[in-house]
Amino acid sequence: MTDRRWGLTLPLPGLPLRDQRELVERAEAAGYTDIWSGETNGPDGFTPLALSAAWTERVRLGTGVVGVYTRGPALLAQQAAALADASEGRFALGIGASSDRIVAGWNGIPFERPLAKVSETVDFLAAALAGERTSTGFKLEQAPAEPPAIILAALRGKMLRLAVEKANGAFTNFLPLSGLEKVLAGLDGAPEGFELLCRFFCLPGEREQVEPLARFMFASYITVPVYAAFYRWLGHADAIAEMCDAWAAKDRERALAAAPWELIEEMFIFGEPAAMRERLDQFVAGGITLPVLTPITTPDKLGELIDALAP
């Protein structure tokens, strides 16, 4: 087992949850130290980890991430305590504001004051998971013996600062390599042991094989207002302008064509396994303490790709 931290995203694409046990066990055996769930429009962020708590012995299990608008803070505390118990303390709680599209668009909940909402939720969870009675009167029936680490989804300046001030780490996403330095600057003064996680979408193959899917993924995500703001903050306003305008006009074909390939190449992990590992190593050398890999391939090749990208 390597000392390097190396993560895998659950659920794995294209497979029912009930069929993922063998691959989860395979990842742990191959040296992955972490499994972090995603939560968009597939399974929720907690269920894959509850299954993995029974399927694994050593890996840390983390929500990467669950939103603070779509669950009340007491329910978040309950779910975190339950997973900490089920995994015998191998759990970390990743939370975030999510996005306006998911919160307001899909769930009909106003996406207001995200920084304040996350900050208030962290305060509540820190108290509840320590076994204290919160300001609302809530107290866990059984708090974890050791409160789980709290990781904040943080893209830009104020949320990065909040992560430094109140959390144990920050989780970034869709990050081009050239933007890593600016993200790290936003974490200046972070305490020892502070983590910087990043999810990486790993598409094996050369440009002609991966380009259609990569363009669609980039355009569909980076046109979401919170991600568009992230890329503008990184200095790419001009590069994404036509793509965002076309997507807003529902001209998907023009939006995909306008997606800037130089940024797509910087963000996704392409190529053969050796080249993919080399790209991931660049991010780690630049300051990512835990890469969380999302292997994107056909179900029959997932195990092979998980092994090829293992630490």
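This is a predicted model: local features need pLDDT of at least 70, side-chain atom pairs count only at pLDDT 80 or more; totals for chains, interfaces and linings use all residues.
Leaving aside residues up to four places away in sequence, the contacts of Gln 20 are with Leu 10, Pro 11, Leu 12, Leu 15 and Trp 55.

The largest pocket has a volume of about 1,600 Å³, and of the 49 residues that line it, Thr 40, Ile 102, Asn 173, Tyr 221 and Tyr 227 are the closest to its centre. Several elements each supply at least two residues of this lining, among them the strands E4 (66–67), E7 (169–173) and E8 (195–204), together with the helices H4 (100–106), H5 (114–129), H6 (157–166), H8 (207–222) and H9 (225–233). Helix H8 gives the most to the lining of the largest pocket, contributing five residues. Sorted by class, the lining of the largest pocket consists of 27 nonpolar, 17 polar and five charged residues.

The second largest pocket holds about 210 Å³ of space, and its lining is made up of Pro 204, Gly 205, Gly 271, Glu 272, Pro 273, Thr 297, Lys 301, Glu 304, Leu 305 and Ala 308. Helix H14 (residues 302–308) provides the largest share of this lining, with three residues, and by class the lining of the second largest pocket divides into four nonpolar, three polar and three charged residues.

Helix H13 (residues 273–286) can be followed from end to end. Helix H13 has 14 residues and spans 20 Å from its first C-alpha to its last, close to the 20 Å expected at 1.5 Å a residue. Within H13, the residues Met 276, Arg 279, Leu 280 and Phe 283 are buried; viewed down the helix axis, the buried residues of H13 fall within an arc of 95°, so they line one face of the helix. The cover over these buried residues includes helix H7 (180–186), strand E8, helix H12 (261–267), strand E9 (269–271) and strand E10 (290–295). On the face of H13 that is turned away from its buried side lie the exposed residues Ala 274, Glu 278 and Ala 285. After H13 comes Gly 287, whose phi is positive, near 135°.

Note on methods
Residues are numbered from 1 along each chain as its sequence is written. Side-chain values use heavy atoms; hydrogens and water are left out. On a 1 Å grid over the protein atoms alone, a cavity is a set of points where a 1.4 Å probe fits but cannot get out, and a pocket is an open set with protein on both sides within 12 Å along at least five of seven lines; lining residues have an atom within 4 Å of a point. Grid points are joined across faces, edges and corners, and a volume is the space filled by probe spheres set on the points. Helices (H or I, at least four residues) and strands (E, at least two) are DSSP runs, numbered from the N terminus. Ala, Val, Leu, Ile, Met, Phe, Trp, Tyr, Cys and Pro count as nonpolar, Asp, Glu, Lys and Arg as charged, and the others, Gly among them, as polar. Contact means heavy atoms within 4.5 Å. The expected span of a helix is 1.5 Å times one less than its number of residues. Buried means under 20% relative accessible area, exposed over 50%, partly exposed in between (1.4 Å probe, protein chains only). The arc is that of the directions from the helix axis to the C-beta atoms.
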